[in-house]
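Please read it alongside the sequence and coordinates shown below.

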Amino acid sequence: MLNKVPEVTLYFWIIKILCTTVGETAADYMNDTLGFGLDKTSYVMSAALIIALVFQFRARRYVPAIYWLSVVLISVVGTLISDKLADDLGVPLVVTTILFAVLLAITFAVWYASERTLSIHSIVTRRRETFYWLAILFTFALGTSAGDLFDEKLGVGYWPTVGIVAALIALIAVAHLGLRLNAVLAFWAAYILTRPLGASIGDGMSQPAKNGGFGLGTTGTSFIFLAVILALVVFLSVTRVDRTEARAGDPDELDERDSVTV
C-alpha cells in the first residue's frame with residue numbers, strides 16, 4: 001500500500017500543534033464544561049478513536065481527513081490517560097512522565113528491532129502503522145505529563161512554557177539543519193515537544209485572565225482551532241501538497257525528508 005502518513009511540511013507542524021491544543025481544550029471541555037467527568041469522557045473519546053483508526057487502517061493510502069481526525073482524537077485520549085493517572089489515581093506527574101518516556105522508548109526499540117527503521121516515510125505495512133500510532137499515543141501522553149509537570153507543578157506559567165518549548169524546538173531544527181543531527185531523531189524529538197507547546201497555548205488562550213490566560217474558555221478555543229484544522233485539511237485534500245511516495249525506509253535512518261522544517 002502507499003505511504004499512510006503525510007509529508008513533513010510546514011502544514012504538518014501547524015496542524016500538529018493545533019491538534020495538540022484541541023487535545024488539551026477538548027478534554028477539559030467535555031470533562032468540566034459538559035460535565036461528562038473523566039471516566040465518561042475517556043470512554044467516549046476512546047471509542048471514537050478506535051472507530052477513526054479502523055478507517056485509517058482500512059485506507060490504502062494517506063487520506064488527510066481520516067489521518068488528521070485520528071491525530072485529533074489520539075491527542076485527546078493521550079491527554080485523558082495522563083490526567084486519569086495523575087488526577088484520579090494520584091500518580092505523581094514525575095512518575096507518569098518517566099513511565100510514558102519508558103513506554104515510548106520501548107515502542108521505538110521494538111519498532112526498530114522489527115523494521116530496522118523509524119522513518120515515517122516508510123509506513124507501508126500494517127505492522128509499521130501499528131508501531132507508528134502506538135508511538136504517537138505515548139508522545140501525547142508523555143507530552144501531557146511533562147508539560148503539566150513543568151507548567152503547573154513547577155509554576156513556570158503558560159506563556160513562559162510556550163516560549164521555552166518553542167526555543168527547544170528551534171534548537172532541534174538548527175541542530176538538524178546546521179549540525180546534521182539525525183533526521184529521524186530530530187523529527188520525533190520535535191514531535192514530542194509540540195505536545196506541551198500546543199497544550200500551553202490552549203491553556204493560555206482558554207484560562208481566565210486572573211490565571212494568566214486570554215479568557216476565551218475551552219469552548220471558544222476548541223472551536224477556533226478545530227475550524228482552522230478543518231480549513232487546512234480541506235486545503236491539503238484539494239491541493240495534495242503533502243502527499244508522499246511509498247518508500248521502504250533507510251536502515252541507516254538518514255532520510256533527509258524527515259525534517260523538522262519545510
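## Basis of the description

Helices (H or I, at least four residues) and strands (E, at least two) are DSSP runs, numbered from the N terminus. The model is predicted, so that local features need pLDDT of at least 70 and side-chain atom pairs count only at pLDDT 80 or more, whereas totals for chains, interfaces and linings use all residues. Residues are numbered from 1 along each chain as its sequence is written, and side-chain values use heavy atoms, with hydrogens and water left out.

## Annotated transmembrane spans

An unreviewed UniProt entry places the feature "transmembrane region" at residues 41–59, 66–83, 89–111, 131–150, 156–177, 184–202 and 214–238. UniProt positions are given in the numbering used here, feature names are shortened, and such annotations may be inferred rather than shown by experiment.

Two of these annotated spans can be set against the computed model. Residues 214–238 are 88% helix and 0% strand, and the C-alpha atoms at the ends of this span lie 34 Å apart. For residues 89–111 the corresponding values are 83% helix and 0% strand, with the end C-alpha atoms 30 Å apart.

For the packing geometry, axes are lines fitted to C-alpha atoms, for helices over the stretch in contact, and angles run from 0 to 180 degrees between N-to-C directions. Angles under 35 degrees count as roughly parallel, over 145 as roughly antiparallel, 65 to 115 as roughly perpendicular and the rest as oblique. A crossing is left-handed if the near helix is turned anticlockwise from the far one by less than a right angle, and right-handed if clockwise.

Helix α1 (residues 10–33) and helix α3 (residues 64–88) have axes that come within 8 Å and cross at roughly 45°, and the two helices are therefore oblique to each other. The crossing of α1 with α3 is right-handed. Contact means heavy atoms within 4.5 Å, and the residues that α1 brings to this contact include Phe12, Ile15 and Lys16, while those of α3 include Tyr67, Trp68 and Val71. By class, the residues of this contact divide into twelve nonpolar, three polar and two charged; here Ala, Val, Leu, Ile, Met, Phe, Trp, Tyr, Cys and Pro count as nonpolar, Asp, Glu, Lys and Arg as charged, and the others, Gly among them, as polar.

Helix α3 also packs with helix α8 (residues 217–239), at an angle of about 150° and with the axes 9 Å apart, and α3 and α8 are therefore roughly antiparallel to each other. The crossing of α3 and α8 is right-handed. Pro64, Ala65, Trp68 and Val72 in α3 meet Ile229, Val233, Leu236 and Ser237 in α8, a contact with seven nonpolar, one polar and no charged residues.

## The α6 and α7 pair

Helix α6 (residues 158–179) and helix α7 (residues 183–206) pack at an angle of about 165°, with their axes 9 Å apart, which makes α6 roughly antiparallel to α7. The crossing of α6 and α7 is left-handed, and their contact comprises 17 nonpolar, five polar and one charged residues.

## Loop residues

Most residues other than glycine have a negative phi. Arginine 116, although not a glycine, has a positive phi of about 65°, and this arginine lies in the loop between α4 (93–115) and α5. With a relative accessible area of 45%, arginine 116 is partly exposed, where buried means under 20% relative accessible area, exposed over 50% and partly exposed in between (1.4 Å probe, protein chains only).

Arginine 180, in the loop between α6 and α7, likewise has a positive phi, of about 60°, although it is not a glycine, and its relative accessible area of 71% makes arginine 180 exposed. Glycine 35, found in the loop between α1 and α2 (37–58), also counts as exposed, at 54% relative accessibility.

## Two leucines of α5

Leucine 149 is found in helix α5 (residues 126–153). Not counting residues up to four places away in sequence, leucine 149 touches Leu93, Val94, Thr97 and Leu154. Leucine 134 is also placed in helix α5, and counts as partly exposed at 34% relative accessibility.
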